[in-house]
Every structure is written in structure tokens, then in C-alpha cells.
Amino acid sequence: MKRRNFIKIAGLGALGSGIPGSSILNNSRLLASPKSKQPNILFCISDDQSWLHTSISGCKTVKTPGFDRVAKDGILFTNTFSAAPACGPSRAGLLTGQDIWRLREGGCHGSDFPMDIPVYPYILENAGYKIGYTGKGGEGGGRTRNAAGTSYSKIHNKAPLQINNTDYAANFEAFMKDKKSDQPFCFWYGGHEPHRSYKKGLGLEAGKNPDDVIVPGFLPDTPEIRSDMLDYFTEIEWFDKHLCAMLNTLEKSGDLENTIVIVTSDNGMPFQRAKSNLYDYGTRMPMAIMWPDKIKKGRIVDDLVSLTDLAPTYLNAAGSSVPKEMTGKSLMNILLSEKSGIIEPDRKAVYTARERHAWSQPNGQIYAMRAIRTHEYLFIRNYKPDLYPAGSPDFRYNYDLKPYSDSNGGPAGKEILQNKDTAKGKYYFNLSYGKRPAEELYNVKDDPFQINNLVDNPKFAKIKQTISKTLDDYLAHTKDPRHLGNPEVFENAPFYGPHGIETEGMDY
């Protein structure tokens, strides 16, 4: 992200998993050894894609043959969660294998990414790997080199209007030609898609049928929003097209068999109550992993996993030591199992968080959240319920901005704001822009859109007490500064970037 307008702000329990140090794989025979060939790693991450939006997951309006191939020739993960619902912190958590509250200002979007926190690409580089990335890598200031490695983004192609014209696949080929023939590699393919903005009507032009769109229950179901979702799906297909080409490149070079290929996203779809929120549509990610040499193909895994688990997984596969700071838990036992369903029953919960996403509150205040997600429930703690989660309706900074400036714009935003005073409109307005209570509890099986808050329902009092304590125990164990009463590391974090809403052309 380009630096703009520097601002300095003044002023485990029964469900636990992901404890620091638990990422060390006990079965040493599974690790790479000097006698075994280290696996290559191709990590592919889209930008703003929710978990349901692949064709293998049953979405009729998107075609993802690349993702589907990885899933069919490897494993489809059904319960993968990002560390945060925003690009920068999510990627920082992924690169470091840590919960975002352990990354100081790196837990805030548009801030610095501290150099002293280890990242897996650099560890692998020290172990002899060639590392590089194309497109969107890690984010944050304060680093002389991107955390994902050396940039390979010089080759461009002719892309549809408002789609990034980086030729990701061609740049991957250039990277492959650059490395030594016998050198293992770790490459990061960071698509800019399906991040906003979209060419209006792109999906309709591609022949997609708006009648096939399933609009999430927290958004109004209108022709404009259906068309906008078609545009979103078309950009997912652009990302997948380059993935297909990269798989073909690996096949031609003979490297595919010993390459761990991972495909996922950084956070949820860029729509209201999704991206930048801790509900499933903001944090639940698509993920498929293949490794032809090692993984039994055609498996579906339902374990709760976090994207922070990938860093220790890569290091285990390469035979490198896992830093004790990593809170992620290696997936290696899951990858090498031959089972489907639940592989590791002790994975009872995942944890997500949000600190600053946009400069959208008076004095740069942060609408901070923490959450615990189990197979049955989602519990969210909102630390400042007096603030508006999508940004203050009357906050302005230097120049005129739209209200609720930590939102995702688009037709859904216009529809909701224009109709907020109608009886039906108030319902959607409150879901997306209204204030929220200090605590939220949802039954994710009965309430997939997380709309019916059960926190004050006496029938769920015991569940709320247990899950709240489990979250507290985990935050204390992993030394969350905000939980421990020291939020200044986040509140005082520098901020680089646009002061507000995701406007046309802003990579935010």
C-alpha cells in the first residue's frame, strides 16, 4: 500500500487451541530431512472472497476450475478462518503465524509491520529457498523489503476495465526461470481480485444469470445488488484463471508433484457486515491444499483451522524450526492423514480479531473486537459499543467524506443508506451501520448469517458464560494488550492511507 498522509495518534479453557508452541510437530518422521527433498510452496491468496464462493462449494454463479482442481487432487477445508477481517492484519497474521494482537501496530490496517517479528518466507530463505511474490504481498510500512519476498510483478497484460493488469501467471513463470534448477521455492501469488472497485455490469456482460445469485440474509435482495455480486464473482474467476495457468506451469516443469499448493483468501467479501466484521462472511475463508507426493486426494476436512496455522505448516514441511512466538498449529498431521471429516478433535475453536481498519472515528479511535468461533457458536466482544462499527455518521477529516466511512460502498451501501428511514430499510441499516452491544452470541448452525443475537437469552446463559471465559483465558495466555488493559499499542499506531470509505481505485 502506498503511504499517504502520515497521522500519529496521541494519546485457555475447555475450548482452547492454538497455544504458542503447540505448532511443533511431534512425529519427526513427517518432517523434511537432509535425505529428503524439501517441498516447494505455491501460496495463492485472493483479496476479499468469502468461503462459499467457489464452484466446488456449490456456488452456481462462479466457475473456479483451478480451486476445484486443487480441492479434488488434495483437500477441501470447510472451516478455515482468517486472523482478521481486513487485508493487512490478516496477511500479517498469516506471514507470522501469530494472532494479530501479538503483532503490535502490525495488528492495525494501514500501519507498520514490525521488522523484528519473524515471517515464514524469510525463515525459508535462510533455509535455502528461493522466495518471491506477485501482485499483492504483505502490507504495512517499516520494512525495506516485502514480507512475502522479492517482487515479480513487472509483466502486465490486457485486463478488463478496473481489473488489475498484472500478469500473475507470467510473473510466476519469470520467477521459476530465475531460480536454480535444484532450488526449492516458496512463491506467493497475491491477486488483487475480487477487491473493489468493479466495472459495473461486468458479470452480466460475462453472461451470468442474476437469478442464480444467493444474496446473504443481511443484505437487501435487489437487482442492483445481485448484479454487483455477479461482478464480484467475475473477478474471482479472473484470479482463478491465473491459478490454472500456474498449475500448468508446474506440471510442465515437473515440479507439481513435490509442491504444496494452497489456495485461500485474506478476508471476506467487500460488502456490508462482511469484510471488516467478525461474522462468518468476514472471516470464514475458502481453502484447498494439494501436495501430490504426500496428500491423499479427494478428502474433505471439517476441522476448525486458522490461516495462522499455515506458517508452522510450511516450516514443518521444510524441516525448519518453528519460532516459539507462533500461535498457529501446524496442519501437517491433517495433511498426511488419509481421513476426512474431523481429524484433530482438539481443534475446538479458532480466534479472530479486529483493530483499526479505516480512519473513521473521531480522534482516530478504534472499534476493536475479539471473537471465538466453535463448530456451534460464534461469540464476539465489542470493546467500544458506544461507537458505530462502520464508522461515525458525522465524522469528517480535512475534507468531505461519506458517513460510515469504514464501510464497503457499492450498490448495497447506497441501497441501505437511501432507505434507512423506511420500515424495511431500518432492519438492514441496523445490521450494517447501527451500534452493537458489548457482547454477541450466535448459533452458527441455526443462524448462518449471524443475525439473531442470543447473548441475553436465558437459555444460552451457561453457553455464554463458558465461551466467554474460554476467550478470556486464550487472550490472557497469548498476552493480548487490549484484554490486559494496555490498548495503547493499537490506539497510538501510525496510520498511512485514505481517510475513509473504499472509494474507486483505493486499495484499502
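Helix H12 (residues 461-477) lies across strands S10, S11, S12 (377-382) and S13, and runs at about 60 degrees to S12. Helices (H or I, at least four residues) and strands (E, at least two) are DSSP runs, numbered from the N terminus. Axes here are lines fitted to C-alpha atoms, for helices over the stretch in contact, with angles running from 0 to 180 degrees between N-to-C directions. The model is predicted, so to speak of a local feature takes a pLDDT of at least 70, while side-chain atom pairs count only at pLDDT 80 or more, and totals for chains, interfaces and linings use all residues. Residues are numbered from 1 along each chain as its sequence is written, and side-chain values use heavy atoms, with hydrogens and water left out.

Now for the sheet under discussion. Its four strands come in the order S10-S11-S12-S13, with antiparallel pairing, and the sheet is open. Strands pair if DSSP finds at least two bridges between them. At the edges sit S10 (350-354) and S13 (439-443), each pairing on one side only. On average, neighbouring strands are turned by 15 degrees against each other, direction ignored. S10 and S11 run antiparallel and are joined by five bridges; Thr-352, for instance, has Ala-371 in S11 as its bridge partner.

S11 (residues 369-373) is also the place of Arg-370. Arg-370 is buried, with a relative accessible area of 0%; buried means under 20%, exposed over 50%, and partly exposed in between (1.4 Å probe, protein chains only). The Arg-370 side chain makes a polar contact with the side chain of Glu-355 at 2.8 Å. A polar contact is a pair of N or O atoms within 3.5 Å; within protein, one must be able to donate a hydrogen and the other to accept it, and residues adjacent in sequence count only if both atoms are side-chain atoms.

Glu-355, itself buried at 2% relative accessibility, also meets Arg-482 in a salt bridge (2.7 Å, N to O). A salt bridge is a side-chain nitrogen of Lys or Arg within 4 Å of a carboxyl oxygen of Asp or Glu. This pair links distant parts of the chain, 127 residues apart: Arg-482 is in the loop between H12 and helix H13 (488-491), and Glu-355 is in the loop between S10 and S11. Arg-482 is buried too, at 8%. Glu-355, Arg-370, Lys-384, Asp-480, Arg-482 and Glu-491 are linked in a network of salt bridges.

The salt bridge count comes to 32. Lys-420 and Asp-421 form one of them (3.7 Å, N to O), with Lys-420 partly exposed at 31% and Asp-421 exposed at 63%.

On to the greasy parts. A nonpolar core is a set of buried Ala, Val, Leu, Ile, Met, Phe, Trp, Tyr and Cys residues joined through side-chain atoms within 4.5 Å. The largest has 46 residues, of which Tyr-120, Ile-289 and Leu-310 touch the most other members. Helix H8 (residues 310-318) gives this core its largest share, six residues. Nine of the nine H8 residues are buried, so the helix is largely enclosed by the rest of the structure. After H8 comes Gly-319, with a positive phi near 80 degrees. Leaving aside residues up to four places away in sequence, Leu-310 touches Phe-43, Leu-94, Ile-262, Met-287, Ile-289 and Leu-331, where contact means heavy atoms within 4.5 Å. A second, separate core of 28 residues includes Cys-44, Phe-67, Ala-169 and Leu-256.
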